[in-house]
Amino acid sequence: MLYSQGGSRGSRRLLLWLLLLAAWEAGSGQLHYSIPEEAKHGTFVGRIAQDLGLELAELVPRLFRVASRERGDLLEVNLQNGILFVNARIDREELCGRSAECSIHLEVIVDRPLQVFHVEVEVKDINDNPPRFSRQEQRLLILESRMPDSRFPVEGASDLDIGANAALRYKVNPNEYFDLDVKRNEEEIKVLELVLKKPLDREETQEHRLLLIAIDEGKPELTGTVQLLVDVLDANDNAPEFDKSIYNVRLLENTPTKTLVIKLNASDADEGINKEIMYFFSSLVLDDVKSKFTINSSTGEIAVKGELDYEDKNLYEINIDAVDRSTFPLTGHCKVIVKLLDVNDNTPEMAITSLFLPIKEDAPPGTVIALISVSDRDSGANGQVSCSLAPPEPFKLVSTFRNYYSLVLDSGLDREATAAYVVVVSARDGGSPPLRASASVSVEVADVNDNAPAFSQAEYTVFVRENNAPGCHLVTVSARDADARENARVSYALVERRVGARALSSYVSVHAQSGRVSALQPLDREELELLRFEVSARDAGAPALGSTATLQVFVVDENDNAPALLAPGAGAAGGARGELVPRAAGAGHVVAKVRAVDADSGYNAWLSYELLAAAGGPFRVGLYTGEVSTTRALDEADAPRQRLLVLVKDHGEPALTATATVLLSLVESGQAPAAASRAAAGAAGGAAALLDVNVYLIVAICAVCSLLVLTLLLYTALRCSAAAAAAAPGEGACGPAQPVLVSSSAAGSWSSSQQRRQRVCSGEGPPKADLMAFSPSLPQGPTAADTVSLKNLIYSYFSS
């Protein structure tokens, strides 16, 4: 039943008592019940669920359970009504011995959220043990010469109960010779003595049979009896006498054997052999006492014989007989009470109960990890125990009740920093010197998906030659997740988007497990110069976390486009073209111009021109301008119709070519006014053109130098990137090409496709034009026509 106060005189006093009781229970977290021992199975103890503030419907879902360090089967809880009842026989003496206080400590644990309550059930004593004597009969040897009022010690009884149930009173059956005297010594222990009321006569009665009765003060009273056999002896006048009837000795436990406890000295008023005294343990001394102590019969010295342990027994009563050596010996009696003093010889003991392990790394501070109970068999300061924790972070100890502690999470956890802790709980008693004990708790931290996959590179740059084979390996991306198990299992996917009119997944794919990125179709640099996209990495946690990396795939040009001829003044390719040439034209006169473009870039788009089978002819073609001009003045011997075959060739490997046919008709000056006017205009404007071209040459040289420096820097960066990529696994299996540095030639030129449709696809922004630079090295002494043609070429390139 729950403790309560009854019979309050006023509502104000009752209200104050209830508030104090509620504050005590909230502060200590403890319920207190009491039951008598030997209660029957099913006896009501208390409404534990109601008293703890728990609803009956939540007992089973919250895993309501009761644990006890003592025998856990003595008490049980009915989960249907929340009543604590007696489940098995409770014997207070078996549970607590002679201890004045006897309680069963229960730990009540519920989950969701975790709560721990402490409940004490006091077991009250009932008078269920009668007084018991150590033996069935006691024999006393008394000389008939002993005077009335002589006293003879008698062993008393013991009662396993406590309090009034163990308080004993004694009486002896009525007789004419003996009476019983009961006294209390300094230790508040009852001393029984038979008192001789009148002289004995051995010749009349050799043996007296008495019945000693012990009665306790319980309700109902219980009794115990022992038979006292008194043998009457013939012997001498004076018995040995001790200085004291009771000797008190204090002795440290664990005292070494053979240590002197006390030296007894008895005297006898007789003479001769009747005065010589020997010392013996009384017949009342139990074997347990004889195993701990020994007595020298001649000197009366009592010494330690066995191991003394305060925790086993702290008080010994030793009855000593002093016997003279006469034919009819007389005996003197005394009692030696040896009280042991506690020594700090027991280390603290700990019991650790783990609750929820492993603990999740996102567990909040205050989460209970384990329950710890400590005890020490010593007494006083030697048995007072304090606990500490090492390392203190991220845990702490919280005292819940007396010697009970909870191991509690004090701060946040990070499994990626520390996956497991070994927490050492140390217990230290208050002795001098103190004794210590320790126990370790292994706390494993369970993973929570709190880390997104991280790519080894935020951006990957890959070079691949156009016209690659389908399925070509471009690069292998790699992401690492610091979590564990499923939370660290990474899968890869493309971040889908549109590339022009097509989906990104039609160009490339990524393997979900390995991160291998492959090209699904051949790439055409003339269509797509740069493919920029993102790859995502997601883990398998719940919820899943992810990150992305950017991939830049540069398509490196191959010489897969032959030069394309352009008709003069048109954007379409032309066939044979005809020109009228006045016979009066002098050397260096430009008669025609062959125009061609190449869809490739760099060297692959750098075009050169040459005449086929033109040895000794009056015409030549500019190597890089495509201008057909005279090498000398024309004369009558030259054929009126000239057919020139011009070969246009790029600088790729292998080189691709195209041919253009130029038909020239030699006419008199009057027949070619247009040609003459063109020649005149060319001659008249030669000087001005030569002056203007200087400005373009300076601009071109500055631009070429700048582009050359940028090209060298880009080349160096790409070489470093290629070296790092070669060291990393998973580079392009189809051999992505490295960017080629275009060096200057003996006769450099600018070359650009007039109809470029290349695009750089990165998702946003307009297409970007590709510009390749070559250092010019013009032949000395350019003609006015060459200068004008170069100016037109540079102007057309920049305007494109």
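1. Two strands count as paired if DSSP finds at least two bridges between them. By this rule the predicted model has an open sheet of three strands, in the order β45-β49-β48 with antiparallel pairing. The edge strands, β45 (590-593) and β48 (619-621), each pair on one side only. From one strand to the next, the twist averages 25 degrees.

2. Within this sheet, three bridges connect β45 with strand β49 (residues 627-630), and the two run in the antiparallel sense. Ala-592 has Val-628 as its bridge partner in β49.

3. Strand β7 (residues 115-124) is joined to strand β1 (residues 30-36) by seven bridges, and these two strands run parallel. For Ile-35, the bridge partner in β7 is Val-123.

4. β7 also pairs with strand β6 (residues 103-110), here in the antiparallel sense and over eight bridges. Ser-103 has its bridge partner in β7 at Glu-122. In general, strands of a sheet pair through backbone hydrogen bonds, and the pairing may be parallel or antiparallel.

5. What do β6 and β7 form, and how many residues lie between them? They form a hairpin, with four residues between the two strands. Arg-112, in the turn, has a positive phi of about 55 degrees.

6. Is the His-105 side buried or exposed? His-105 has a relative accessible area of 7%, and because buried means under 20%, this residue counts as buried. The side chains of His-105 and His-118 are joined by a polar contact of 3.0 Å.

Terms used:
Residues are numbered from 1 along each chain as its sequence is written. This is a predicted model: local features need pLDDT of at least 70, side-chain atom pairs count only at pLDDT 80 or more; totals for chains, interfaces and linings use all residues. Side-chain values use heavy atoms; hydrogens and water are left out. Buried means under 20% relative accessible area, exposed over 50%, partly exposed in between (1.4 Å probe, protein chains only). A polar contact is a pair of N or O atoms within 3.5 Å; within protein, one must be able to donate a hydrogen and the other to accept it, and residues adjacent in sequence count only if both atoms are side-chain atoms. Axes are lines fitted to C-alpha atoms, for helices over the stretch in contact, and angles run from 0 to 180 degrees between N-to-C directions.
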